Amino acid sequence: MRFDDSKPKTQNPKLRIAALAGGVGGAKLAHGLQAVLPPGALSVVVNTADDFKLWGLHISPDLDTVMYTLAGVANPQTGWGLAGDTWRALDMLTQYGRDPWFRVGDMDLATHVLRTQLRHEGRTLTEATANLASSLGVRSHLLPMCDEPVETLVETAEGTLNFQDYFVRRRHADTVTGVTFEGIDSARPTSAVSEALGEVAAIVFCPSNPIVSIGPILAVPGMLGLIERSRSVKVAVSPIVGGAALKGPAADMLHTLGHEVSPVGVASLYAGLLDGIVIDRVDAALAPRIEELGIRVEITDTIMNSDADRQALAETVLHFCGTLGAHIEMERAEV
Ligand code: FO1
């Protein structure tokens, strides 16, 4: 069994790209980037603050969403879980009188069982992830943001809720008045993450929720310094299009936490870190306000309904990085 697969291996570091991603939206762009870049050129740093324990298993929803998407085996309807999965284990739990509120499929269960076993054997989350991803044939480097446990907690009128409790069990219906990342003070970027963000041509902030998906990655002590010191071009793709989120509760959360629900609000959250931001055509009129923040703007179609959309957006992002000074080598995408 090999556990060193998390190290970026492409020869020339200038040709490497790092992406920061949460779940479904981030996974789609990462998939497009993987398709247009040479094998091994992409490292994806993934949020792990959504991780939690269920039925005694270590579940890493965002890592699994990105892993299944990059492996081409994700459920196309939900974006999370596996295509063609079945629910017999959950049916059995129901027979035992338990509430299977978190829909773990039978094949997905194997991922959580093996991750939990690898962790019990003393492997870090980074090592366990590399093992799972390489077994599925993922040709990019899938990197947890840190190896220490971090847990997103949301403040609501019902009290403080664990993220999955808020997001899945309660269907993100509660108004969020605060967000904290428990355990973040003890977290550190892993050596694989430091290396991946160090000498790269570009760092891409995927269109994931800026508060609860990209937010925890940036909150890991030392992460901002790594990004700031990296001499790469830094570009984000706005997850807010026409005043709404591409998926999930990002728009409501931005609003209740006092941010503008627009690409301007997203750009303001990342201000000081970004060279550029890619926004949707429907938000074109906002470009001058973003440029006032010292952030260059690229306008394109950002909704990814197909593999072709993912690759087209990835190519636009990489060309934009090129106009901002990054040297990037693409290869013809496999469709
Ligand atoms: N999201 C849901 O909305 N409902 C589910 O039952 C659910 C199950 C699930 C199982 C495994 C997995 O890896 C992800 C799963 N997700 C589910 C998605 C996930 O919890 C969220 O999308 C992310 O945490 C937010 O990025």
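**Entry 1: before anything else**

I noted that this is a predicted model.

**Entry 2: H1 against H2**

I started with helix H1, residues 24–36. Its axis and that of H2 come within 9 Å and cross at roughly 35°. I looked up the hand of this crossing and found it right-handed. From H1, the residues that meet H2 are Val24, Ala27, Lys28, Ala30, His31 and Gln34. On the H2 side I listed Thr65, Val66, Thr69 and Leu70. Sorted by class, the residues of this contact come out as five nonpolar, four polar and one charged.

**Entry 3: a closer look at Thr65**

Is Thr65 buried or exposed? I found a relative accessible area of 5%. The cut-off for buried is under 20%, so Thr65 counts as buried. Thr65 belongs to helix H2, which runs over residues 61–71. Leaving out residues up to four places away in sequence, I found Thr65 touching Gly23, Val24, Ala27, Gly79 and Trp80. Two of these names, Val24 and Ala27, were already on my list for the H1 side of the H1 and H2 contact.

**Entry 4: H2 against H4**

Next I followed H2 to another partner. H2 and H4 pack with their axes 12 Å apart, at an angle of about 120°. I therefore wrote them down as oblique to each other. H2 passes H4 in a right-handed crossing. Which residues meet here? From H2 I have Asp64, Met67 and Tyr68, and from H4 Asp108, Thr111, His112 and Arg115. By class, I noted two nonpolar, two polar and three charged residues for this contact.

**Entry 5: H4 against H5**

H4 covers residues 106–120 and H5 covers residues 125–135. Their axes are 9 Å apart, and the packing angle is about 140°. That angle makes H4 oblique to H5. I checked the hand here too: H4 passes H5 in a right-handed crossing. H4 brings Thr111, Leu114, Arg115, Leu118 and Arg119 to the contact, while H5 brings Leu125, Ala128, Asn131 and Leu132. I sorted these residues into five nonpolar, two polar and two charged. Thr111 and Arg115 of H4 also turned up in my list for the contact with H2.

**Entry 6: how covered is H5?**

How many of the eleven residues of H5 are buried? I got eight, so I wrote H5 down as mostly covered. The buried ones are Leu125, Thr126, Ala128, Thr129, Ala130, Asn131, Leu132 and Ala133. I then asked what they pack against, and found S4, H2, H4, strand S5 (141–144) and H7. After H5 comes Gly137, with a positive phi near 80°.

**Entry 7: the nonpolar cores**

The largest nonpolar core has 51 residues. Which of its members touch the most others? My list reads Leu20, Met145, Leu197, Phe205, Met223, Ile227 and Ile277. Not counting residues up to four places away in sequence, Met223 touches Met145, Pro189, Val193, Leu197, Ile217 and Leu218. Apart from this core lies another, of 42 residues, with Val36, Ala133, Cys206 and Val278 among them.

**Entry 8: Ala187**

Ala187 lies in the loop between S8 and helix H7 (191–198). With 0% relative accessibility, Ala187 counts as buried. I set aside residues up to four places away in sequence and found Ala187 touching Cys146, Glu148, Val150, Val220 and Pro221. I also took a distance: Ala187 and Lys247 are 28 Å apart, C-alpha to C-alpha, and 60 residues apart in sequence.

**Entry 9: positive phi values**

Most residues other than glycine have a negative phi. I went looking for exceptions and noted two.

- Trp55 has a positive phi of about 55°. I placed Trp55 in the loop between strand S3 (52–54) and strand S4 (57–59). Trp55 is partly exposed, at 38% relative accessible area.
- Arg171 has a phi near 50°, again positive. I placed Arg171 in the loop between helix H6 (163–169) and strand S8 (178–182). Its relative accessibility is 67%, so Arg171 counts as exposed.

How values were computed
Residues numbered from 1 in each chain as written. Predicted model: local features only at pLDDT ≥ 70, side-chain atom pairs only at ≥ 80, totals over all residues. Heavy atoms only, no water. Core = buried A, V, L, I, M, F, W, Y, C linked by side-chain atoms within 4.5 Å. Buried < 20%, exposed > 50% of the residue type's maximum accessible area, 1.4 Å probe, protein only. Contact = heavy atoms within 4.5 Å. Axes fitted to C-alpha atoms, helices over the stretch in contact; angles between N-to-C directions. Helix = DSSP H or I, 4+ residues; strand = E, 2+ residues; numbered from the N terminus. Parallel < 35°, antiparallel > 145°, perpendicular 65-115°, else oblique. Left-handed = near helix turned anticlockwise from the far one by under 90°. Nonpolar A, V, L, I, M, F, W, Y, C, P; charged D, E, K, R; others polar.
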